[in-house]
Amino acid sequence: AKYDKLADKYGYVMVYPKGMADYGTRSSNNWSSWNVGSNGLSSTCINADSYCYDSCEAANKCGACAWTTCYDDVLFIDTILREVERKHCVETSKRFLTGISNGGMMVYHYASKRPKTFKGYMPIFGSPMLGTLGVPREVSSAWLLHFHGLEDTTVPIGGGASYDGWLYISADETIKIWAEMQECTMNTNPISTPWDSGKLGLSCIYYIGCKGKIFKCTYPGGHYDWPSGSEELGYWFFNRSSETEF
């Protein structure tokens, strides 16, 4: 509802896709998920509980570190975009992608496969799993805002093992590789935002001299401690027209 109100305010078309939940056919836990390219890999977990989705069983990708659907979600998003363009008059040069947790991982995964489709990306407490990060040079002019809680133990902002045995690349390492592709100076400056104190308590930085824009904002909290008002942060970020505004 908050995103809808902001979309009306700023003139955006909002779309809410949902990943497949094909694990529930054999369990009472009907978990939807996004295929972020990690199924079939052994580098993404240590003694974690794996989950074999029906689509992964059919693709023979039910290894020790399986935990998401194996449907082609890049193709799914491609199809949604074509349908939106068919039904609505949209400015395709101003498309933005955001997601939380596994959805945030999907943001990174989609950017690695379709680096020119979206102008900007906002992954929210969703870092790439170990061995899955791909950053093509075509993201050199994209905008990135990584948003993460400092006490997150499910997808640790510092990378490494989660409390339940899954392995992640740190937010800083991920952002650094993006910054290298954008030829940033690798120096950072703090950013002042309308939410630095009070309801969000944000602390934000941006990389200097990038061809696009690269930001990281952190907040005091853990996984799914999604602060009220963070939806506004995304619109605030994507509506900036130049780095000089910060």
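A search through the whole structure turns up one cavity of 30 Å³ or more. The model is a predicted one: local features need pLDDT of at least 70, side-chain atom pairs count only at pLDDT 80 or more, and totals for chains, interfaces and linings use all residues. Residues are numbered from 1 along each chain as its sequence is written, and side-chain values use heavy atoms, with hydrogens and water left out.

What counts as a cavity here? On a 1 Å grid over the protein atoms alone, it is a set of points where a 1.4 Å probe fits but cannot get out, and its lining residues have an atom within 4 Å of a point. The volume is the space filled by probe spheres set on the points, with grid points joined across faces, edges and corners. For the largest cavity, that volume is about 80 Å³. Its lining includes V36, M105, Y108, H109 and S112, and also S127, P128, M129, T132, L133 and G134. Sorted by type, the lining has six nonpolar residues, five polar and no charged. In this sorting, Ala, Val, Leu, Ile, Met, Phe, Trp, Tyr, Cys and Pro are nonpolar, Asp, Glu, Lys and Arg are charged, and the others, Gly among them, are polar.

Six strands make up an open sheet with mixed pairing, in the order 1-2-3-8-7-6. Strand 1 (96–100) and strand 6 sit at the edges, each pairing on one side only. Strands (E, at least two residues) and helices (H or I, at least four) are DSSP runs, numbered from the N terminus, and two strands pair if DSSP finds at least two bridges between them. Strand 1 runs parallel to strand 2 over five bridges, and G99 has P123 of strand 2 as its bridge partner.

Strand 2 is well tucked away, as five of its five residues are buried. Buried means under 20% relative accessible area, exposed over 50%, and partly exposed in between (1.4 Å probe, protein chains only). In a regular strand, side chains alternate between the two faces of the sheet. On one side of strand 2 are G120, M122 and I124, on the other Y121 and P123, and all of them are buried.

Finally, the model holds six salt bridges, a salt bridge being a side-chain nitrogen of Lys or Arg within 4 Å of a carboxyl oxygen of Asp or Glu. In one of them, R114 and D78 bring their closest N and O atoms to 2.8 Å. This pair links parts of the chain 36 residues apart: D78 is in helix 3 (residues 73–87), and R114 is in the loop between helix 4 (102–113) and strand 2 (120–124). R114 is partly exposed at 32% relative accessibility, while D78 is buried at 10%.

Another salt bridge joins D172 and K216, at 2.6 Å from N to O. D172 belongs to helix 5 (residues 171–181) and K216 to strand 8 (residues 213–219), so the pair ties together parts 44 residues apart in sequence. Here D172 is partly exposed at 44%, and K216 is buried at 15%. E183 and K211 form a salt bridge too, with closest N and O atoms 3.3 Å apart, and both residues are exposed. E83, R86 and K87, meanwhile, are joined in a salt-bridge network.

Key. On a 1 Å grid over the protein atoms alone, a cavity is a set of points where a 1.4 Å probe fits but cannot get out, and a pocket is an open set with protein on both sides within 12 Å along at least five of seven lines; lining residues have an atom within 4 Å of a point.
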